[in-house]
Amino acid sequence: MKRRHRTEILAQSPTKLLRELSEQVENHHAVKVLEEPNSGLVMVKMRETAMKSKFYLGEVLVTECKVLLGDTLGLGILRGSHKKRAYYLAVIDAAFNAVIEESQELAERIKEEGVRIQTALGRERQQILKTKVDFETLDEEVKA
Amino acid sequence: MAYVAVKGGQEAIGESLKRLEYERLKKGRTIETRAIESGLQGLIDQVMSEASLYDEALAALAIKQAQGNPEEVVFLLRAFRSTLPRKYYSRTVESHEMALTRRISASFKDIPGGQILGASPDYSHRLIDFDLKREEADPFIPKRWLKAYLKEIEENEVWETPLKYPKVMDYLRREGLMATYEADETEPEDVTKEALKFPSKRSQRLQILTRGQTGAVTALGYASLRGYGSVHPTVGELRVGELPITIDPPFSEETGEEEAYYIGSIRVTEVESIIPRAVKTPSGDYEEELDLGYGICYGQNETKAIAMSILDRCLEEPGEAPTHDEEFVLYHVDSVEATGFISHLKLPHYVTFQSKLDSVRKTKKGGETQ
């Protein structure tokens with residue numbers, strides 16, 4: 001499971017799940033906090049579509065945490081002020097970076113959560129699509 | 001000497017701050033930041049955009065503190081931002097990655113994917129809804145509505161494909177009706193790090209416009225439409241949706257999309273305006289060509305994004321009107337700079353004004369004796 005996919009699911013997961021996954025790692029491995037969860041900024045770089053040049057859209061508030069699992073670094077970073085979530089994310093990231101015994105099980109649970117999120121998003125999308133204008137109906141109404 | 005007067009005001013200032021707090025509390029009710037977050041999205045979007053800092057919870061707190069005064073809110077957010085380290089720069093966000101919640105075109109009826117109205121006050125009657133008072137007396141009214149709507153969502157089929165569509169303008173480009181550009185990989189300038197110099201770079205112009213004060217950007221865009229500029233656009237495409245933000249791993253050699261950290265998404269409004277322009281051909285004739293103006297801002301703020309797209313185009317081409325003058329536009333649209341400079345007029349100018357008075361008196365006296 002690649003990091004982009006994994007972190008996107010985790011960022012949308014409830015804190016309870018993050019805590020459980022993090023505890024699953026901590027129960028069997030010593031985790032050392034390298035950098036306590038703290039606030040900072042990420043500057044968003046964007047490509048505009050008129051001339052395809054890059055510019056800075058603005059900054060986003062983030063919380064970041066770094067941990068060590070053995071010699072392996074784990075980074076937890078997410079938008080907003082969420083100290084606990086940043087810590088859990090860092091522990092989970094370290095688990096994947098170090099490739100420990102539990103990694104496979106973690107991946108399975110994250111995958112499951114991903115399916116749940118996609119289902120919810122899919123239903124929401126359908127609801128948004130109900131606001132799509134049906135021009136054929138509109139034309140008929142005009143003709144009538 | 002001016003400082004003597006200020007020092008004497010210390011107690012008065014203390015009491016003045018107490019009055020300010022009293023004004024906030026005197027009606028016996030305070031507003032919860034969570035209530036601001038759920039009920040004042042429009043204001044939150046506006047101040048996040050003008051502050052150039054995306055965080056709804058922080059914006060809500062600043063709104064509470066500033067009692068809803070947008071210029072004060074933006075000042076608070078900018079000041080807070082300056083205390084934080086900038087940890088990372090995001091990977092370049094491409095707008096076709098936007099998960100759409102609204103997307104319309106004023107130029108074409110049939111666009112691939114269709115016109116998705118999403119949430120907008122555009123189609124409402126804009127009559128004050130006095131029924132809203134009822135939900136204050138009966139909190140179950142909104143709860144019931146929400147429950148029913150969520151049930152409707154829950155019963156939907158799952159629409160698998162993300163709502164990510166190609167840009168409408170790409171079709172015009174393929175037809176050769178619009179100039180095409182290669183991706184420009186030049187790293188952008190940052191107006192928060194280096195002072196603006198003229199002539200400005202495109203990246204500086206876009207950054208200043210997107211963080212510009214909503215009213216100022218709108219007013220100048222409107223002025224251009226009314227004739228103080230030569231740009232009259234048609235909205236090719238207006239999108240509201242979520243942009244994913246990712247960063248490269250800071251501690252490893254691995255780069256690339258798949259190894260990036262996803263940090264969350266941000267809601268933005270993005271506009272591409274089509275602007276016709278007469279171009280002289282080698283034979284000396286004039287030919288109509290289509291150009292694009294680009295506008296984007298944090299949150300859902302469609303008027304600002306459209307106005308920005310007008311000003312973007314104005315600043316790309318020479319013109320006599322003030323909206324084509326980059327110094328005029330870029331130096332005057334920032335909320336903190338504009339309100340700060342105007343507000344400074346309230347500060348004590350006792351000494352300078354006294355000397356001005358003296359010189360007026362002297363001239364008057366001199367005039368009388370002559």
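How many helices and strands are there in chain B? There are 15 helices and seven strands. The legends below walk through this predicted model one view at a time.

**View 1. Chain B as a whole.**
Let us start with the overall picture of chain B, whose C-alpha trace spans about 85 × 70 × 55 Å along its principal axes. Of its 370 residues, 32% count as buried. Among the contacts in chain B with a separation of 6 or more, 66% are between residues 24 or more positions apart.

**View 2. Where chain A meets chain B.**
Here 51 residues of chain A are in contact with 70 residues of chain B. On the chain A side, the elements giving two or more residues are α1 (3–11), β1 (31–47), β2 (54–69), β3 (72–79) and α4 (103–129). The largest share, ten residues, comes from β2(A). Sorted by class, this side of chain A has 22 nonpolar, 13 polar and 16 charged residues.

**View 3. A strand pairing between the two chains.**
Strands of a sheet pair through backbone hydrogen bonds, either parallel or antiparallel. Which kind joins the two chains here? β1(A) and strand β3 (residues 93–94) of chain B run parallel, joined by two bridges. To find the place, look for A:Met46, whose bridge partner in β3(B) is B:Val93.

**View 4. The hairpin of β2(A) and β3(A).**
Back in chain A, β2(A) and β3(A) pair in the antiparallel sense over eight bridges. One pair to pick out is A:Val67 with its bridge partner A:Gly74 in β3(A). Two residues lie between the strands of this hairpin, where A:Gly70 takes a positive phi near 65°. Strand β3(A) is largely enclosed by the rest of the structure, because seven of its eight residues are buried.

A:Arg79 has its place in strand β3 of chain A. Is this arginine buried or exposed? A:Arg79 is buried, because 20 other C-beta atoms lie within 10 Å, and 20 or more is the count that makes a residue buried. Leaving aside neighbours within four places in sequence, A:Arg79 is in contact with A:Val60, A:Leu61 and A:Val62, and across in the other chain with B:Ile245, B:Ile263 and B:Gly264. As a further landmark, the C-alpha atom of A:Arg79 is separated by 23 Å from that of A:Arg125, 46 residues apart along the chain.

**View 5. A largely enclosed helix in chain B.**
This view turns to helix α4 (residues 41–51) of chain B, which is largely enclosed by the rest of the structure because eight of its eleven residues are buried. Which residues of α4(B) are buried? They are B:Ile44, B:Asp45, B:Gln46, B:Val47, B:Met48, B:Ser49, B:Glu50 and B:Ala51.

**View 6. The four-stranded sheet of chain B.**
Four strands of chain B form an open sheet in the order β4-β5-β6-β7, with antiparallel pairing. At the edges are β4 (99–104) and β7 (286–298), each of which pairs on one side only. Neighbouring strands of the sheet are turned by 20° against each other on average, direction ignored. Zooming in, five bridges join β4(B) to strand β5 (residues 234–247) of chain B. There, B:Ile104 has B:Leu238 in β5(B) as its bridge partner. Helix α12(B) lies across β5, β6 (261–280) and β7 of chain B, and runs at about 140° to β7(B).

**View 7. Two crossing helices in chain B.**
The axes of α11 (residues 214–226) and α12 (residues 302–316) of chain B come within 8 Å and cross at roughly 55°. That angle makes α11(B) oblique to α12(B). The crossing of α11(B) and α12(B) is left-handed. Among the residues making the contact are B:Val217, B:Leu220, B:Gly221 and B:Tyr222 of α11(B), facing residues of α12(B) that include B:Ala307, B:Ile310, B:Leu311 and B:Cys314. By class, the contact of α11(B) with α12(B) has ten nonpolar, five polar and one charged residues.

Definitions and conventions. Residues numbered from 1 in each chain as written. Chains lettered and ligands numbered in written order. Predicted model: local features only at pLDDT ≥ 70, side-chain atom pairs only at ≥ 80, totals over all residues. Buried ≥ 20, exposed ≤ 12 C-beta atoms within 10 Å, placed from the backbone. Contact = placed C-beta atoms within 7 Å. Nonpolar A, V, L, I, M, F, W, Y, C, P; charged D, E, K, R; others polar. Pairing = 2+ DSSP bridges. Axes fitted to C-alpha atoms, helices over the stretch in contact; angles between N-to-C directions. Parallel < 35°, antiparallel > 145°, perpendicular 65-115°, else oblique. Left-handed = near helix turned anticlockwise from the far one by under 90°.
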